[in-house]
Amino acid sequence: MSATSFNHVQISRAALQHNYRLLQKKIGSGVRLLAMVKADAYGHGMEEAALSFAHAGCHDFGVAELTEGVRLRKSGLKGNILVFLGFDPADAALFFDFELTPVIFDLESAEVLSRVALQRNQKIAIQIKVDCGMSRLGVLPNDLRDVVKKIKGLPGVQLSGLCSHFPRADEADATHTAAQTSLFAELVKELAENEELTVHTANSGAILYCPESRFDMVRAGISLYGYYPDGHEGAKRAEGEKLRPAMSFSTRVLQVKTVPAGSGISYGHTFVTEHETTLAVLPVGYEDGFLRSLSGRAEVLVKGKRARVLGRVCMNLTMVDVTDILNVTAGDEVVILGAQGDEEIDGDEIAQWMNSISYEVLCLFGNTNERRYIT
Ligand SMILES: *Cc1c(COP(=O)(O)O)cnc(C)c1O
């Protein structure tokens, strides 16, 4: 038997499915809801999360790299798997072997796929990404007509979808997203009308705040994991049932000690006690995704109360102030992300302490710690 870690991340399957159903209800049954499960499903575990969404009715999944797509298909998942970040030409055959759909952003990739398709005497469905204003991956609108025309002339490849991505869909002011939606809609009208193409561009922000951007399918990431892309603002704005965070992260107290006034705490003594202080030493540090930028700022929950981090976060250890919390002892549960008693710390609050966004918090905690699933 192997020893268990003091730290673990807990994932609620029920919350993942609640979020999927809530979003599907919001967009209506005429629009497909693709689950973005890249980055190990934002730290929630790609195979497990995809299976939960599949049970809630999901047929479309999105990953970043080809290797993720292969892993996901090997897990036995049915349905469409879109690979968004391209591929090394040497790996092109894997799209055929594992029935994955490449989202391409240049003509060369389509030519490679066409050659492999001919060799294998098979056909492959591909989708094109258009860059309508993100200035990231994608064919620029001016080049799109030409690329589409050439792709249609390639044997063995079948154009099955057209997509884009929004840079500012999480903003309360949807002006930019609406303008980009119009540009994309024009391209769709010109190039994809009368064709069997799946058209999609909306991410969580657009799903929530720009209904006209939904087209045939939407691609949800952060909202499936229970967070609003604009953080607490979004949660405040939401009417009716709310998204539910699916991840919590906890550790336990390793040692409790009381130090006198004037004690420097942790590396560099960036914090010096002004009075007698009781510390709880926690076996969690930046190695576990509890970043050093949380030093002196973050809080955790001990016995249902907030305890502040004192001094620097170390690689594997962190000290918190439990002076005002009675009877803390070694072994007590400490919640870093999630609820304990009447208190709760969510990913948006931690993100604020880190000067970041919930997305990064979930990836960090989820992908560096042991995950457990509850139903
Ligand atoms: C990650 C990603 C999404 C999902 O974005 P969220 O803001 O998490 O909903 C959608 N589309 C693409 C191409 C992505 O890379």
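A pocket, on a 1 Å grid over the protein atoms alone, is an open set of points with protein on both sides within 12 Å along at least five of seven lines. What you see here is a predicted model, where local features need pLDDT of at least 70 and side-chain atom pairs count only at pLDDT 80 or more, while totals for chains, interfaces and linings use all residues. Residues are numbered from 1 along each chain as its sequence is written, and side-chain values use heavy atoms, with hydrogens and water left out.

**View 1. The ligand sits in the largest pocket.** "Sits" means that more than half of its atoms lie within 2 Å of the pocket's grid points. Helix H2 (38-43) and strand E9 (217-220) each give at least two residues to the shell around the ligand; helices (H or I, at least four residues) and strands (E, at least two) are DSSP runs, numbered from the N terminus.

**View 2. Three strands make an open sheet in the order E11-E14-E17, with antiparallel pairing.** Strands pair if DSSP finds at least two bridges between them. E11 (255-259) and E17 (318-321) are the edge strands with a single partner each, so one side of each has no neighbour in the sheet. Look between E14 (residues 277-282) and E17 for four bridges; Val 281 has Met 319 of E17 as its bridge partner.

Terms used. On a 1 Å grid over the protein atoms alone, a cavity is a set of points where a 1.4 Å probe fits but cannot get out, and a pocket is an open set with protein on both sides within 12 Å along at least five of seven lines; lining residues have an atom within 4 Å of a point.
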